[in-house]
Amino acid sequence: MSTDLAIEAVGLAKSYGSTSVLDHVDLRVSCGGVFALLGPNGAGKTTAVRILATLTRADAGRVRVAGHDVDTQRREVRRRISLTGQYAALDEAQTGEQNLRMMGRLLHLPPRLVRRRAAELLERFDLTAAGRRRVETYSGGMRRRLDLAASLVGEPEIIFLDEPTTGLDPRSRAAMWEIVSELAVAGVTVFLTTQYLDEADRLADRIAIVDGGRVVAEGSAAQLKEQVGGHRLDVELTAAAGPEAFAAVVRQLGPRAVTADPARRTFGITTDGTAAHVRALLDEIDAGRDRVARFDVHGTTLDDAFLTLTARPARAETRPSPTEIRPTALQRGSAHV
Amino acid sequence: MSELALPKAAVRPAPRPAFVDAAGDAATMIGRSLRLTVRSVDGMITALALPIMLMLMFVYLFGGALQTGIDYVDYVVPGVLLVCAGFGAATTAVTVSSDLTTGVIDRFRSMDVSGAALISGHVVASVVRNLVSTALVVAVALAIGFRPSAGVGDWLVAVGVLALFVLALSWLSATVGILAGSPEAANGFTFLVSFLAYPSSAFVPVDTMPSWLRGFARDQPVNTVVETTRAALTGRPVGSVAWHAVLWSLGIIAVSVVASSVLFNRRTR
């Protein structure tokens, strides 16, 4: 196996009972930079991270992390990684400082270094003022920062972040993004899972899209957008066209319609962006030239790639609920209309 | 925010023998559990209030009707100490079980902290907590007329046997806590343990019980500890029952240490 890979997983499989969570997943993550595992809820992201971070054993497959096998060389792997899960792994009744010092002692750092490291991390994560307060008094954003600080006490080579910004307000989210970027600059390999497309788009050098326990696409954000066509045509039908016409058009478009919002009478179609293709699409949708109220052509977003690649046809009745994908995905889609 | 990296060489510790690290982890976990215990105010109040209420109830409500050959307060205090210790130790099942539901356990595991270190933290905290509550119960007992006729050596025997039993019961409870699906389920165990004090000489002499129950009541671990403590505190010779108490405790510890390690590894896979 190649040694410049931070993570290499081949044929990773895991089921709970008869439910297959990971179905022969292959992942290759090179050293340095940010790798994002992107997928809807229940896609198997957390299971994948737990296996890579030695907390769950896979049913099948071979996994090497930081050059060591997660099954046979757990200790070696554990010494080089850290995991920050979806729920803060902290003692609520201890102060922020006590939590960090505890981590330092468990890493067997010398006492002086334990204190120094805790103080430095509190400072860097803007928690010095709160350091002597119990964690139960912290806000969600503060907890998440302390949690990440706790996972950095040991200077890991690879950091696993399982949905690091889920449930955070926009400001805390931006702060978390900044921290992740700084980690990558400092040479740490960051492996994060997210259900937020803009998060992957903004942070990750490489993205693997998972759906139903399989990797359905992998590449840089630009490559993934490329894969589904460079542009998207968003169309809004007139109110006069009525819901039956809307449903008929969306049905006719089939999987080409990557978004559909009956309430706003809007849908989106991937296109190469040429005038000829756009004109042909408009003619197909609106042969009588009386149904389209407005249209807009723009570069594909990762949302489009995601929706296309996770093979969820945009028919209103079969689509996952908006919250399952991402609230802002729809907001962004409609903003162009 | 400044840059996040430190030179790696500054942080990576020099390798040490494994047992030094293991002992260090246990010490860290003991410190953690003690801090968490002290901060669980309602837990401390329950651990202290219940035994004192129980003692007042037995001495003032039931005591008048019970004939034990000696002042009932002198008779019942060792029993109350045992119930108090048993209940306090059994709550370890709850603290371990709820600890396992928190995300911090995953972090410990990914840092290679052993189950034994984590459990020993809970167990030692339980022993300390129980020694404090035992001291308080003794203080209240003295205030309501408990007059032990024990020398320093007798006190040491009584406290030693009691502490060893608390250690054993705490470790057993921790094992139950790992096994229990939820803190609520673990809580049931505390009732079971508290109940063991009744078919024993804790509150009434075993001779007053039906004959089929006497054999069990005499030889069960709670009774051997009560008998030892009572003999020591009333200045009578302790005799072989003390060895039974010690053997029971050591046996429970041996089984629990092994079982808790095995179960912890299995549960947190």
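Let's start with a strand pair: in chain A, strand E1 and strand E4 (residues 60–65) pair in the antiparallel sense over five bridges. By pairing I mean that DSSP finds at least two bridges between the two strands. Helices (H or I, at least four residues) and strands (E, at least two) are DSSP runs, numbered from the N terminus.

Before I go on, the housekeeping. This is a predicted model, where local features need pLDDT of at least 70, side-chain atom pairs count only at pLDDT 80 or more, and totals for chains, interfaces and linings use all residues. Residues are numbered from 1 along each chain as its sequence is written, and chains are lettered from A and ligands numbered from 1 in the order in which they are written.

Back to E1(A). Ala9(A) faces Val63(A) in E4(A), and Ala9(A) also stands opposite Leu27(A) in E2(A). Strand E1 (residues 5–16) and strand E2 (residues 19–30) of chain A run antiparallel and are joined by eight bridges. These two strands make a hairpin with two residues between them, and in the turn Gly17(A) has a positive phi of about 65 degrees.

Now the overall view of chain A. We have 13 helices and 14 strands here, and the C-alpha trace spans about 80 × 45 × 35 Å along its principal axes. Of the 337 residues of chain A, 47% count as buried; buried means 20 or more other C-beta atoms within 10 Å of the residue's own, against 12 or fewer for exposed, with partly exposed in between, and C-beta atoms placed from the backbone. On contacts, take the pairs in chain A at least 6 apart in sequence: 71% of them join residues at least 24 apart. A contact here is two residues whose C-beta atoms, placed from the backbone, lie within 7 Å.

Next, a sheet further along chain A. Which order do its strands take? It's an open sheet of four, E12-E13-E11-E14 (chain A), with antiparallel pairing. Strand E12 (257–261) and strand E14 (292–299) of chain A are at the edges with a single partner strand each, so one side of each has no neighbour in the sheet. Neighbouring strands in this sheet are turned by 15 degrees against each other on average, direction ignored. E12(A) pairs with strand E13 (residues 266–271) of chain A over four bridges, antiparallel again, and there you'll find Thr259(A) opposite Gly268(A) in E13(A).

So what packs on this sheet? Helix H9 (residues 242–253) of chain A does, touching strand E11 (231–237), E12 and E13 of chain A, and its direction makes about 165 degrees with that of E12(A). Then there's helix H11 (residues 302–309) of chain A, which lies across E11, E12 and E13 of chain A at about 100 degrees to E12(A). For those angles, axes are lines fitted to C-alpha atoms, for helices over the stretch in contact, and angles run from 0 to 180 degrees between N-to-C directions.

On to the interface. How many residues of chain A touch chain B? It's 35 residues of chain A in contact with 29 residues of chain B. The elements of chain A giving two or more residues to that side include helix H2 (74–80), strand E6 (81–84) and helix H3 (96–106). H3(A) gives the largest share, four residues. By class, that side of chain A has 18 nonpolar, eight polar and nine charged residues. Ala, Val, Leu, Ile, Met, Phe, Trp, Tyr, Cys and Pro count as nonpolar, Asp, Glu, Lys and Arg as charged, and the others, Gly among them, as polar.

And chain B itself: 12 helices and zero strands. Its C-alpha trace spans about 75 × 35 × 35 Å along the principal axes, and 43% of its 269 residues are buried. Contacts with a separation of 6 or more in chain B are 83% between residues 24 or more positions apart.

An unreviewed UniProt entry places "domain: ABC transmembrane type-2" at residues 42–267 of chain B. UniProt positions are in the numbering used here, feature names are shortened, and annotations may be inferred rather than shown by experiment. In the model, residues 42–267 of chain B are 77% helix and 0% strand, with end C-alpha atoms 28 Å apart. The unreviewed entry also lists transmembrane regions in chain B, among them 75–96 and 186–206. Residues 75–96 of chain B are 95% helix, with the end C-alpha atoms 34 Å apart. For residues 186–206 of chain B, helix is 48%, and the ends are 30 Å apart by C-alpha.
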